[in-house]
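Here's a quick look at how one chain is put together, starting inside and working out. Have the viewer open as you read.

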Amino acid sequence: MRVSSFFAMAAVFLCASCARPAPPGKDTIEFVKNIASNTESSEYQLLNGFSKIPVYGNVCIIGPEESNAKLCADFIGCDLFENARGRKWSDGLRDFAGEFFSCMDDATFTPYDKYAEELGTQALREAGVRLALAALSDRCSVSMYDPDGNRSKTPGKAIILSDPWLRQYGKFDIDTLFALTSCAVPVISPQDLMFDAVFAGGQKRLNIGLLCDSCNLVSGIYGEIYAEKIAEHGISGSHLFQAADNAGDFSLSAFLDAYLDSGGSAPLEALLVDCLSPDLAAMNAELEAMRDFSREEYMRYGKLVSPSFVILDSSVLTMEYCYALLREKNLFTHRIAQPVFDKYEVIPYKGDGPAFLLIPSGNVQNQF
């Protein structure tokens, strides 16, 4: 079997009948129940104070450093819309001008698959809730020796979970807690947006591809999200083909080569892209060549993409969603300035007290 050199990992072919199930039940964790039942607790009081979203809050991105940095850079450079009317075309102006972005780079609970394997998914779910609470707090720590948090910070007005593990083992509990405490801050998952976009058309039989990073391919996390999403949308007969690239130099033709090598032959309706370094312009250029049959090297791929085939990038979908959200809820700051960001490190704390400290990057001193 010929395997494309673009893909260092073997591709995985999943169908609705063999995907791993979503987390059992929809009951939230005890940590959430305890906060929601104690209206005098500091956590309840914090969340209840966000019944109105603060316009001058930041968009907080939570997850591993690499995925946070990629998403934040995309937001900072985003120019997908004409800002005066919100129509979708580039006007040469940054779409999120005047906005503040904050990256919470998690060095405590990552890698999430290993953390869940060692301590259980309940522990990861609680960690996700604690990270969301930290995003809304107006305090952080000066250093590793400041467990009480003696430095002020800007709280979030929207939270983005950049990693699929936080979506699958955290978002439900965060959403539940926010609803129970009247916290209006939206919690956004790029993976939710990606799967919802492809399933939104109401088509019951879909053959889709997914391009992701190798570690998440191996962990099987997308199979879990996929199984949950097809059940949510009532999809039957759907198939998901996954592939990953270690080198970062993949292409649409390389993905389709891997699809062919796996035995795939049915046309794909969509390619979902959720990885660190996609070249979307190059992939769309290849798609055009495949459709017009103008180049011999692309002839073999034409039958593998349906007439309605689309490439859906999770980062682009997230920016589009956030732009529409901020406009709809009148949450843009309207500052005349370039978008800016700051970074925080989620550092393990080994003393008595909190499970982790949130410290501005550059202020991290030696750990214990």
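In which sense do β2 and strand β6 pair, and over how many bridges? β2 pairs with β6 (residues 156–161) in the parallel sense, over five bridges. Strands here are DSSP runs of E with at least two residues, helices are runs of H or I with at least four residues, and both are numbered from the N terminus. Two strands pair if DSSP finds at least two bridges between them.

Before going on, a word on the source: this is a predicted model, where local features need pLDDT of at least 70, side-chain atom pairs count only at pLDDT 80 or more, and totals for chains, interfaces and linings use all residues. Residues are numbered from 1 along each chain as its sequence is written, and side-chain values use heavy atoms, with hydrogens and water left out.

Back to β2, residues 58–63. Another five bridges join β2 to strand β3 (residues 100–106), and these two run parallel. You can find specific partners too: Cys60 has Ile159 in β6 as its bridge partner, while Ile61 stands opposite Cys103 in β3. Six of the six β2 residues are buried, so the strand is largely enclosed by the rest of the structure. Buried means under 20% relative accessible area, exposed means over 50%, and partly exposed is in between (1.4 Å probe, protein chains only).

In a regular strand, side chains alternate between the two faces of the sheet. In β2, Asn58, Cys60 and Ile62 point one way and Val59, Ile61 and Gly63 the other way.

Now hop to β13 (residues 356–360). Five of its five residues are buried, so β13 is also largely enclosed by the rest of the structure. Phe356, Leu358 and Pro360 point one way, with Leu357 and Ile359 pointing the other way. The pairings side by side:

| Strands | Sense | Bridges |
|---|---|---|
| β2 and β6 | parallel | five bridges |
| β2 and β3 | parallel | five bridges |
| β12 (residues 340–348) and β13 | antiparallel | five bridges |

In that last pair, Tyr344 stands opposite Pro360.

Zooming out, the protein chain has 13 helices and 13 strands. Of its 368 residues, 52% count as buried. The C-alpha atoms fill a box of roughly 65 × 45 × 40 Å along the principal axes. Among contacts (heavy atoms within 4.5 Å) between residues at least 6 apart in sequence, 77% join residues at least 24 apart.
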